[in-house]
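Take a look at the fold first, then read on.

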Amino acid sequence: MARPRNQEARKRELVSVTSRLLIERGQAGARLVDIAEAASLTPAAVSYYYPDLADLYADTYETATEQYLTRRRQQVSEIAPAVERLIECIALGVPHAGTSSRAATVLLMELSALAIRRERIVASGLEFEAEQLRLFGEILDQGVAEGTMRLPYGALETARAILAVEDGIAIPVVAGRLPSDEALRVTLSVATSLTGADLLAARG
């Protein structure tokens with residue numbers, strides 16, 4: 001690893017290394033010694049920037065959620081009709097093999113396990129969920145306004161239900177127990193029942 005003079009640049013590099021190790025090896029392969037070796041540093045040098053390894057994990061989680069949300073919102077914003085936006089938004093949340101979506105999902109799953117014990121990760125997790133609910137809610141409100149969706153429940157409740165299905169179904173996909181295409185079909189089917197819009201037919 002290069003040796004940037006700027007401390008924030010060094011931290012960004014350590015976050016990048018930690019992200020890669022968590023995706024490739026999981027938490028067991030992203031210990032202090034592993035991070036130091038991958039970064040071509042000594043453990044003491046890593047500890048200089050992050051005296052508490054939990055802070056490095058927290059920064060990694062914050063970076064991962066920000067990138068995930070930015071990518072999702074940008075790609076969805078390029079689509080006009082609400083039904084098509086919802087389909088794309090759901091599809092982006094399915095961890096297809098070999099895509100950035102799968103890598104991001106694995107990383108977030110590894111880090112989310114720490115959320116029950118680390119205050120910073122808890123706060124980031126709450127913000128991450130709130131932003132995703134906000135995006136889904138905006139799309140659902142648009143669909144109602146366009147007359148293409150009919151919600152038996154409120155937009156927030158509907159968004160939360162769709163997001164819960166997405167989060168829950170990601171685990172068997174990443175574990176190899178469920179094909180990503182089937183996961184997408186199931187999630188779209190549930191969203192269809194919640195919105196009154198035939199998302200499977202609209203997807204073609």
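In helix α6, Arg102, Thr105, Val106 and Met109 touch Ala170, Ile171 and Val174 of helix α8. Keep in mind that this is a predicted model. Two packed helices are described by the angle between their axes and the distance between the axes, and that's how the pairs below are laid out.

**α6 against α8**
- The pair involves α6, residues 100–112, and α8, residues 155–174, with axes that come within 11 Å and cross at roughly 105°.
- That angle makes α6 roughly perpendicular to α8.
- Sorted by class, the residues of this α6–α8 contact come out as 5 nonpolar, 1 polar and 1 charged.

**α5 against α7**
- Here the axes of α5 (residues 82–92) and α7 (residues 119–146) come within 8 Å, crossing at roughly 155°.
- So α5 runs roughly antiparallel to α7.
- As for handedness, the α5–α7 crossing is left-handed.
- On the α5 side, the contact uses Ala82, Arg85, Leu86, Cys89 and Ile90.
- From α7 come Leu135, Phe136, Ile139, Leu140, Gln142, Gly143 and Glu146.
- By class, that α5–α7 contact has 8 nonpolar, 2 polar and 2 charged residues.

**α4 on its own**
- Helix α4 covers residues 53–77, which is 25 residues.
- From first C-alpha to last, α4 reaches 36 Å, close to the 36 Å expected at 1.5 Å a residue.
- Where α4 starts, Asp52 has a side-chain oxygen within 2.9 Å of the backbone nitrogen of Ala54.

How values were computed: Residues are numbered from 1 along each chain as its sequence is written. This is a predicted model: local features need pLDDT of at least 70, side-chain atom pairs count only at pLDDT 80 or more; totals for chains, interfaces and linings use all residues. Side-chain values use heavy atoms; hydrogens and water are left out. Axes are lines fitted to C-alpha atoms, for helices over the stretch in contact, and angles run from 0 to 180 degrees between N-to-C directions. Helices (H or I, at least four residues) and strands (E, at least two) are DSSP runs, numbered from the N terminus. Angles under 35 degrees count as roughly parallel, over 145 as roughly antiparallel, 65 to 115 as roughly perpendicular and the rest as oblique. A crossing is left-handed if the near helix is turned anticlockwise from the far one by less than a right angle, and right-handed if clockwise. Contact means heavy atoms within 4.5 Å. Ala, Val, Leu, Ile, Met, Phe, Trp, Tyr, Cys and Pro count as nonpolar, Asp, Glu, Lys and Arg as charged, and the others, Gly among them, as polar. The expected span of a helix is 1.5 Å times one less than its number of residues. A polar contact is a pair of N or O atoms within 3.5 Å; within protein, one must be able to donate a hydrogen and the other to accept it, and residues adjacent in sequence count only if both atoms are side-chain atoms.
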